[in-house]
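Hi everyone, thanks for coming. Today I'd like to walk you through a structure that may be new to you, so let's bring it up on the screen.

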Amino acid sequence: MAFDGLMTTRVVRELQPLVGARINKIHQPYALDLIFSVRAERKNVMLLASANAMYARLHLTAESTSNPSEPPMFCMMLRKHLEGGFIESIEQLGRDRVILMRVRSRNELGDEEAKKLYIELMGRHSNILLTDGQDKILDAIKHLPLSQNTFRTIMPGVQYQLPPEQDKVDPLTGDIEKTLHRIDWNAGKLDRQLLSLFSGFSPQLTAEIVHRAGLANRTSLTQAIQSVLGELTGPYYFQRLANGKERFSPVALHHGEIVDEKTFTTSGEVLDAFFHQKSNRDRVKQQAADVERFIKSEYDKNILKRTKLERDLAATEKMDELKHKGELLTTYLYQLERGMKEATVVDYYDEDGKEITITLDPRFSPNENAQRYYKRYNKLKTAKIEVAKQLEKNQREIDYFESLLAQLDVASPDDIREMREELVEEGYVRERSKKKKKPVVPKLEAYQSSTGIPFFVGKNNKQNDYATFKFARRSETWLHTKDIPGSHVIIRSEQPDETTLKEAAIVAAYYSKARESSQVPVDFTELRYVKKPSGAKPGFVIYTDQTTLYVTPDADLVQSLRVT
């Protein structure tokens, strides 16, 4: 990632239309994220500010978020001081990743007051702070007491101090060529030296400058820096590298093995594309840790149980042999006597009439020995029926937990909540709270095909059951990956065109266990042919009259079709 000083410069430039705008509402959907609903240029926009150590950023966003039923204390404080206020300015302090947003609002008495919102985007030191007009801290999203930092305390009531200044040159206003005289050409590591000389640069950007400079000298480095700075009014870049990593930049990047590249017009677009899924997966990972552990444990437990049951089933294979020996002993009882340890008799089932030797227990009579063989046969026969039933039940459990594991990979925080509820309802875990919760209608993810046909996706079992048996109409089209755990997809059309069918199938394949595969089989049929067997697990259905499509999941296409 490279949300450096130059990226901050571009973002702040783009946010200038918000100057004079009114802050309508403030939400804190996650512990370190804030969403400001702002009315600017006769339309509502969403401004996202995040102090997350891995995903710190500030930009306009088109992504929707769910908010907690009770806002955190910091959010309540911001609402008190900033809601209804007007943004007076948004500025970058120096060339660093610190943004100051000045807001003028009215207090409870109706008097105007000046407030300052500082947004510090500095990795693990990121923070969001609100101060009064004299820079006294009202509160911060992260507190930093004196015991942790004697130079810079961040607590309510303390005077705000900017992060320590570094002796660096602003590349946009300073003398670049003069600054390069400080380079030690014998020390090497030019990218690191540039990083220590200029503010606003990131390791990613200095690597690009050195790459452009080629056989670097003072002249080529100056030209490379100037060429990079000259691109700060161009498009934004989102690139995937051969090593699987992704990166974004406010200028073109040419170093590294680039396998895919997209350009965006605004910072909000490129940052949404880069951060949304990553930060969402991170939050889900944190919130779903206990759920994932439980599901994985149950899955592993059932896989182990299946091995044991298969071993037990294999042991029943000799039951016919026991019956066979019991019948032979019954036939030849007249030739046998008590005390014999074995009996050799003609096997009349054998075409060649071969003899067979049967082990006997000398403590029992010949008839009792025959009955013992029958008894062991009947025991294994009963066991075989029971083990077969247990194996069938065990496979249903494996399929169920396998589907839950697949759903975890693409789950949102709301999906995790529904999965928890499902595990409670199915009796796998106990309810955390005894309070009765109001039933909530599952929310399906909405899509629209490139030909304008809407379709919807269930991302967990609750949503799948709702989509298939309550939301959809019997004449509409239903899709699901063939014999692979995945989502139910509903096309809101009785006769969808081929493009819509293919795109909906790609989405179905993406939201399945086979999302990393190619040529994934996806079945589609009319909903009238989809049934839920009595007593079946959530999300499980049977269907007929299907047609199979073979598609390859495409994350970019899925994202482009999603309705936000």
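Before we start, one term: when I say that two parts are in contact, I mean that they have heavy atoms within 4.5 Å. Also keep in mind that this is a predicted model.

Six strands make up an open sheet, and their order is 15-16-18-17-19-22, with antiparallel pairing. Why is one side of strand 15 and of strand 22 left without a neighbour in the sheet? Strand 15, residues 445-448, and strand 22, residues 547-551, stand at the edges, and each has a single partner strand, so one side stays without a neighbour. From one strand to the next, the twist averages 25°.

Now let's zoom in on one pair. Strand 17, at residues 477-481, and strand 18, at residues 488-491, are joined in the antiparallel sense over three bridges. Which residue of strand 18 is the bridge partner of W478? That is I490.

And here is a helix to go with the sheet. Helix 13, residues 498-510, lies across strands 15, 16, 17, 18, 19 and 22. Relative to strand 22, helix 13 runs at about 70°.

Next, the nonpolar cores. The largest one has 44 residues, and L18, F36, L78, L82, L117 and I128 are those with the most contacts inside it. Helix 2, residues 73-82, gives this core its largest share, five residues. Take L78: leaving aside residues up to four places away in sequence, L78 touches I26, L34, F36, E83, L117 and L130. Apart from that core lies another, of 24 residues, including I491, Y511, V520 and F524.

How values were computed. Residues are numbered from 1 along each chain as its sequence is written. This is a predicted model: local features need pLDDT of at least 70, side-chain atom pairs count only at pLDDT 80 or more; totals for chains, interfaces and linings use all residues. Side-chain values use heavy atoms; hydrogens and water are left out. Two strands pair if DSSP finds at least two bridges between them. Helices (H or I, at least four residues) and strands (E, at least two) are DSSP runs, numbered from the N terminus. Axes are lines fitted to C-alpha atoms, for helices over the stretch in contact, and angles run from 0 to 180 degrees between N-to-C directions. A nonpolar core is a set of buried Ala, Val, Leu, Ile, Met, Phe, Trp, Tyr and Cys residues joined through side-chain atoms within 4.5 Å. Buried means under 20% relative accessible area, exposed over 50%, partly exposed in between (1.4 Å probe, protein chains only).
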